[in-house]
Amino acid sequence: MKNLSRSFSLSLVAAGLLAAGAVNAQSLAIINATLHTSTEQGVLEGASIVMTDGKISAINPSAVKADKIIDAKGQIVTPGFIASINQLGLVEVGAVAGSRDGGDEKAGIDFDASLAFNGHSGLIPYARKGGITRDVITPQGGESIFAGLASVVDLSGSFESVLQKQVALVVNLGERRKGSRAFTLQTLINKLDEHQTKADKKAKKDDKKPTAEDKIMVKVLSGEMPLIVNVSRAADIVELIKVKQQFGINLVLNGAQDAVVVKERLAKADIPVIISAMDSLPGSFDSLNASLNNAGLLEKAGVKVLLTVGGDASHNVYQLRFDAGNAVSYGMSQQGALKAVTANVADVFGINAGSLAVGKAGDVVMWSNDPFELSSHVSKMFINGVEVSTQSRQDKLRDRYTTESSMPRAYTK
């Protein structure tokens, strides 16, 4: 009797595992869509896309078979947008110090701000309304020029939203309130040289356990981990190109309002540039060439462009699509702007998303119209093949204060 009971229990466990597998393997298809793939395939009219077990399993199959089929009726479908260079989930209210976890005075090379990432932040649903499904969050840093490590998160709102840690090391260079910019650049060069020398010695004799900093710098020097440098002035950018050539690092520039001055050099050196399409006026003597035309000019020169939201991006990352639309109106191509918020970001940071292609994550967004138009909105959104809501706190407040009720306004439940 005891063995029979045990067998029955095992059967129940097996049945449960099979059921769980069936749920995970459920497939979903979108048909009759205008797919903007962010790949060499470009735009596919009247097309279909199938997602299975969280990933894209088919594009335009001869026969669509799925557990659930959604008719897009011609609507535009794009990869989920990937934001970058912000502290989304690391800050809630900028004026409240206790809700800011993106930086620390003692932060350095091994500072990992993703340990404080809050997948339940009220800012995340609002970001989803802008078509954003993933984000490259970056630390603000502290007194050191080394701000810390960037991470990739999804905007599903779960506690397991941190998908990739240590995807880049962030460095702050350029103008200083005190001291010389020369000292900061020399600090970077010395650190790279120190660890390159240490790595050479290590190859000959392995006598010490590597520190966290050692491990990170090995990845930077091998090119495995990108080095994001916040810099603006053209002269500083030229010096950084020399640093890339000297050490063979995977250099990425952020801010780079003067990048347009040396765009041919950047294209030749294969250095991606992360910029805000809305930088139109100099914010300092380092950014005299800020212009709404810069994204288009860099693209035409052959520079890989990634678009980010300037200023308080953590609270305004929703507007990334509008910034991309402005970049198009000032000379960037439509597909170039789409790649600048999808495939280019994925390529630079090693993210398995950002394009509608077989094997990529099922981060897919259906739009009412052109996603770069002010009047359009997200019709449906999927993160890892699962549909997620785009209702934000702002929507709930609107409904609360506008719903007709016998109770005084704002008391409606």
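Modeller: Lys and Arg count as positive and Asp and Glu as negative, while His and the chain ends are not counted. The place of a charge is taken as NZ of Lys, CZ of Arg, CG of Asp or CD of Glu. This is a predicted model, in which local features need pLDDT of at least 70 and side-chain atom pairs count only at pLDDT 80 or more, whereas totals for chains, interfaces and linings use all residues. Residues are numbered from 1 along each chain as its sequence is written, and side-chain values use heavy atoms, with hydrogens and water left out.

Colleague: How far apart are the mean positions of the positive and negative charges of the protein?

Modeller: The protein has 44 positive and 42 negative charges.

Colleague: What radius of gyration does the protein have?

Modeller: The radius is taken over C-alpha atoms, and the globule rule is 2.2 Å times the number of residues to the power 0.38. For 413 residues, a compact globule would come near 22 Å. The value for the protein agrees with this, at 24 Å.

Colleague: How many helices and strands does the protein have?

Modeller: Helices (H or I, at least four residues) and strands (E, at least two) are DSSP runs, numbered from the N terminus. By that reading, the secondary structure comes to twelve helices and 16 strands.

Colleague: Is Asn 86 buried or exposed?

Modeller: Asn 86 is in strand S6, residues 81–86. Buried means under 20% relative accessible area, exposed over 50%, and partly exposed in between (1.4 Å probe, protein chains only). Because its relative accessible area is 2%, Asn 86 is buried.

Colleague: Which side chain forms a polar contact with the side chain of Asn 86?

Modeller: A polar contact is a pair of N or O atoms within 3.5 Å; within protein, one must be able to donate a hydrogen and the other to accept it, and residues adjacent in sequence count only if both atoms are side-chain atoms. The side chain of Asn 86 reaches the backbone nitrogen of Leu 88 at 3.0 Å. The side-chain partner, also at 3.0 Å, is Asp 135.

Colleague: Which residue's side chain is joined to that of Asp 112 by a polar contact?

Modeller: Asp 112 lies in the loop between S6 and helix H2 (123–128), and is buried because its relative accessible area is 14%. Contact means heavy atoms within 4.5 Å. Leaving aside residues up to four places away in sequence, Asp 112 touches Ser 151 and Lys 165. The polar contact, of 3.1 Å, is with Lys 165.

Colleague: Why is helix H9 described as largely enclosed by the rest of the structure?

Modeller: Helix H9 covers residues 320–329. The buried residues in H9 include Leu 320, Phe 322 and Ala 327. The helix is largely enclosed because the number of its ten residues that are buried is seven.

Colleague: Which side chain does Gln 334 meet in a polar contact?

Modeller: Gln 334 is in helix H10, residues 334–340, and is partly exposed, with a relative accessible area of 32%. Beyond residues up to four places away in sequence, Gln 334 touches Val 328, Asp 370 and Phe 372. The polar contact between side chains, of 3.4 Å, is with Asp 370.

Colleague: How far apart in space are Ile 31 and Ala 212?

Modeller: Ile 31 is found in strand S1, residues 27–36. Ile 31 and Ala 212 are 181 residues apart in sequence. In space, C-alpha to C-alpha, they are separated by 48 Å.
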